[in-house]
Amino acid sequence: MTESTTELGIPTFRSGVELVPTTDAAQSAKEYTSDQEVRWCPGCGDYAVLKAVQGFLPELGLKRENIVFVSGIGCSSRFPYYLDTYGMHSIHGRAPSIATGIATARPDLSVWVVTGDGDSLSIGGNHLIHALRRNVNMTILLFNNRIYGLTKGQYSPTSEAGKVTKSTPVGSIDTPFNPVSLALGAEASFVARTVDSDRKHLSAVLAAAAAHRGTALVEIYQNCPIFNDGAFDDLKGPDTKADAIIPLVHGEPILFGAEQEKGLIRDSVTGGVKVARVAEVGLENILVHDAHNPDPTTAFAISRLTDAGVLHQSPIGIFRQVQRPTYDDQAREQIATAQATTPAGPEERLAALLNAGDTWTVV
């Protein structure tokens, strides 16, 4: 396994991935753009993510037929139509399960899942957490606009408490999910968060996720201009984003603010982390981000800084990036072992099957 670093200081790990490189000339974003009309609402954050992905895919150096995108149901799930790769618009919430089968059967494919906060965290919640804990070789892009857009504005599993929508006319009484916290709790080996409008950061995180061996979950804050416009204004506004975004870069102190005057420190009372002013606590006490720590405790504590209501502050970057055995690699090893020890002839294989395990003699 070798380690390299992106221009944003995000480390990437590469191990023996069985992917087929292209022998063609250098590819372009145009080659990954399908002939389908893009049908999202004007101003939707999905456009920015699509352009970033189309621009990033040529950098993988893979044949287009060795890339597959699987989606569920929702606005984000139109994604496979707009990419000139293999793709499947699957069933609601089940994209991670279908992608698990593809990744296990075809180690030569780069497998991607595109899903939304409703698709993945409501009907698909069970499928998502098991894909994460199994550590299947796939990259999951979770578009989080904190609303149901395709079905016209109902509250979603990430909508803040008190949210007034068509399905919660006097305000939501649900406690919302924090997708990053959920993924870390499921022992995901790669967890990151980025923003649709930051093309440079989004592309760098995608590069690290694609290079990761195992399940990589990338939460993308994505604006819905029709049903939840302005949900991430604090993170995007020129006068507010310096104080709202807490950038996470492996190996560097976690500092933010217009003058880098604030940072994260250990909270001796709760055992978690909290925001402090550097001038008051000293730079030496500012927490240094360690995305490679095998213990996800600190990464989880950092994820809890995200407000469940209006997002006044939010850590952005790679929370966790560790290596552990993958489900599909191990499944293929078991199959290979079984095949190596199975008798060659059909009669011998049938006899071995009939006599396998516990047997009884009936007299």
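Colleague: Of the contacts in the chain with a separation of 6 or more, what share comes from residues 24 or more positions apart?

Modeller: This is a predicted model, in which local features need pLDDT of at least 70 and side-chain atom pairs count only at pLDDT 80 or more, while totals for chains, interfaces and linings use all residues. Residues are numbered from 1 along each chain as its sequence is written, and side-chain values use heavy atoms, with hydrogens and water left out. A contact means heavy atoms within 4.5 Å. For contacts with a separation of 6 or more, the share from residues 24 or more positions apart is 67%.

Colleague: How many helices and strands does the chain have?

Modeller: Both are DSSP runs numbered from the N terminus: helices are H or I with at least four residues, and strands are E with at least two. On that basis the chain holds twelve helices and 13 strands.

Colleague: Which residues touch the most other members of the largest nonpolar core?

Modeller: Such a core is a set of buried Ala, Val, Leu, Ile, Met, Phe, Trp, Tyr and Cys residues joined through side-chain atoms within 4.5 Å. In soluble globular proteins, nonpolar side chains tend to be buried together. The largest core here has 35 residues, and those touching the most other members are Val111, Leu132, Leu217, Leu264 and Ile302.

Colleague: Which element supplies the largest share of this core?

Modeller: Several elements each supply at least two residues, including β3 (67-71), α2 (95-105), β5 (110-116), α4 (125-134) and β6 (138-144). The largest share is four residues, and it comes from α2.

Colleague: What covers the buried residues of α2?

Modeller: The buried residues of this helix are Ala95, Pro96, Ala99, Thr100, Ile102, Ala103 and Thr104. Two of them, Ala99 and Ile102, are among the residues that Val111 touches. The cover over the buried residues of α2 includes β3, β5, α4, β6 and α11 (327-340).

Colleague: Is Ser120 buried or exposed?

Modeller: Ser120 sits in helix α3 (residues 117-123). Leaving aside residues up to four places away in sequence, Ser120 touches Thr115, Gly125, Leu128 and Leu142. Its relative accessible area is 4%, so Ser120 is buried.

Colleague: Phi of Arg146 and of Gln260 is positive; what is the relative accessible area of Gln260?

Modeller: Arg146, with phi near 65 degrees, lies in the loop between β6 and α5 and counts as buried at 5% relative accessibility. Gln260, with phi near 55 degrees, is in the loop between β10 (255-256) and β11 (262-266). Gln260 is partly exposed, with a relative accessible area of 42%.

Colleague: What distance separates the C-alpha atoms of Ala338 and Gln36?

Modeller: Ala338 belongs to helix α11 and is partly exposed, at 38% relative accessible area. Ala338 and Gln36 are 302 residues apart along the chain, and their C-alpha atoms are separated by 45 Å.

Notes
Buried < 20%, exposed > 50% of the residue type's maximum accessible area, 1.4 Å probe, protein only.
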